Amino acid sequence: MREPIYLSKEGRLKLEAELKKLKYQDRPIIVAEIKRSRELGDLSENAEYHAAKEAQKRLEAKIAELEDKISRIRTLDIEKIPSDKVYLFAKVLVKDLEDNDEIEYTIAPADEADVDNDIISVKSPIGAALLGKEEGDIVEVDVPAGLIKYKILKISRD
């Protein structure tokens with residue numbers, strides 16, 4: 001059995017919108033391009049035709065990938081996830097015990113991670129280390145830059 005993918009409702013809607021765009025906007029454009037380039041004559045030497053067919057292969061592969069992902073999605077009701085420990089979609093305020101900086105991470109599935117906005121994957125070293133911990137816990141995280149020690153100051157779901 002294939003592994004389920006856990007996403008928020010928003011994450012699921014985002015993937016469904018991307019799939020819809022690929023199928024109903026991008027696909028017809030490529031089909032029209034193939035038709036147009038086919039009318040130019042000899043297909044064996046028609047670079048436009050071959051480029052369009054290659055683009056079609058990539059598009060169809062992406063569509064198949066998204067359809068597979070969507071079929072495995074399990075949507076989580078964020079309201080029902082306990083907030084006493086770090087679980088998916090928790091906002092976790094931590095203090096770096098070395099430099100006393102505070103940072104707030106949101107723990108998300110890999111497909112919803114956005115490192116630039118401190119939304120980290122549950123599978124990342126920091127996300128995995130925080131998972132299941134409580135307020136007040138000290139967490140040691142082995143990252144490529146070395147060992148980081150965090151103290152969990154607050155867990156929320158807002």
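Predicted model: local features only at pLDDT ≥ 70, side-chain atom pairs only at ≥ 80, totals over all residues.
User: Take β3. How many bridges join it to β7, and how do the two strands run?

Analyst: Six bridges join β3, residues 91-96, to β7. The two run antiparallel. Lys 91 has Ser 156 of β7 as its bridge partner. Lys 95 stands opposite Lys 151 in β7.

User: How many bridges join β3 to β4?

Analyst: Five, and these strands also run antiparallel. Val 92 stands opposite Tyr 105 in β4. β3 and β4 form a hairpin, with five residues between them. In the turn, Asn 100 has a positive phi of about 65°.

User: Which residues of β3 form the covered face, and which the uncovered one?

Analyst: General idea first. In a regular strand, side chains alternate between the two faces of the sheet. Now this case. Val 92, Val 94 and Asp 96 make up the covered face of β3. Lys 91, Leu 93 and Lys 95 make up the uncovered face.

User: Move to β4. Is Thr 106 buried or exposed?

Analyst: Thr 106 lies in strand β4. Its relative accessible area is 18%. The cut-off for buried is under 20%, so Thr 106 counts as buried.

User: Now the charges. How many salt bridges does the structure hold?

Analyst: The idea is simple. Side chains of opposite charge can pair when their charged atoms come close. This structure holds 14 salt bridges. One of them joins Glu 18 and Lys 62, at 3.8 Å from N to O.

User: Which parts does the pair of Glu 18 and Lys 62 tie together?

Analyst: Glu 18 is in helix α1, residues 9-38, and Lys 62 is in helix α2, residues 47-72, so the pair ties together parts 44 residues apart in sequence. Glu 18 is partly exposed, at 32% relative accessible area. Lys 62 is partly exposed as well, at 30%.

User: Where do Asp 111 and Lys 69 lie?

Analyst: Their side chains meet in a salt bridge at 3.3 Å, N to O. Asp 111 sits in the loop between β4 (102-108) and β5, and Lys 69 in helix α2. The two are 42 residues apart, so this pair links distant parts of the chain. Asp 111 is partly exposed, at 37% relative accessibility. Lys 69 is buried, with 18%.

User: What do the side chains of Lys 85 and Glu 134 meet in?

Analyst: They meet in a salt bridge of 4.0 Å, N to O. Lys 85 lies in the loop between β2 (73-75) and β3, and Glu 134 in the loop between α3 (125-130) and β6, so the pair ties together parts 49 residues apart in sequence. Both count as partly exposed: Lys 85 at 27%, Glu 134 at 35%.

User: Which residues do salt bridges with shared partners join into one network?

Analyst: Arg 2, Asp 68 and Arg 72.

User: Which backbone oxygen does the side chain of Arg 157 reach at 2.9 Å?

Analyst: That of Leu 88. The backbone oxygen of Phe 89 lies 3.4 Å from a polar atom of the Arg 157 side chain. Arg 157 itself is in the segment after β7 (146-156). Beyond its neighbours within four places in sequence, Arg 157 has contacts including Ile 78, Ile 81, Pro 82 and Tyr 87. Lys 85, seen above in the salt bridge with Glu 134, is also among the contacts of Arg 157.

Terms used:
Residues numbered from 1 in each chain as written. Heavy atoms only, no water. Helix = DSSP H or I, 4+ residues; strand = E, 2+ residues; numbered from the N terminus. Polar contact = N/O pair within 3.5 Å; in protein donor to acceptor, adjacent residues only side chain to side chain. Contact = heavy atoms within 4.5 Å. Pairing = 2+ DSSP bridges. Buried < 20%, exposed > 50% of the residue type's maximum accessible area, 1.4 Å probe, protein only.
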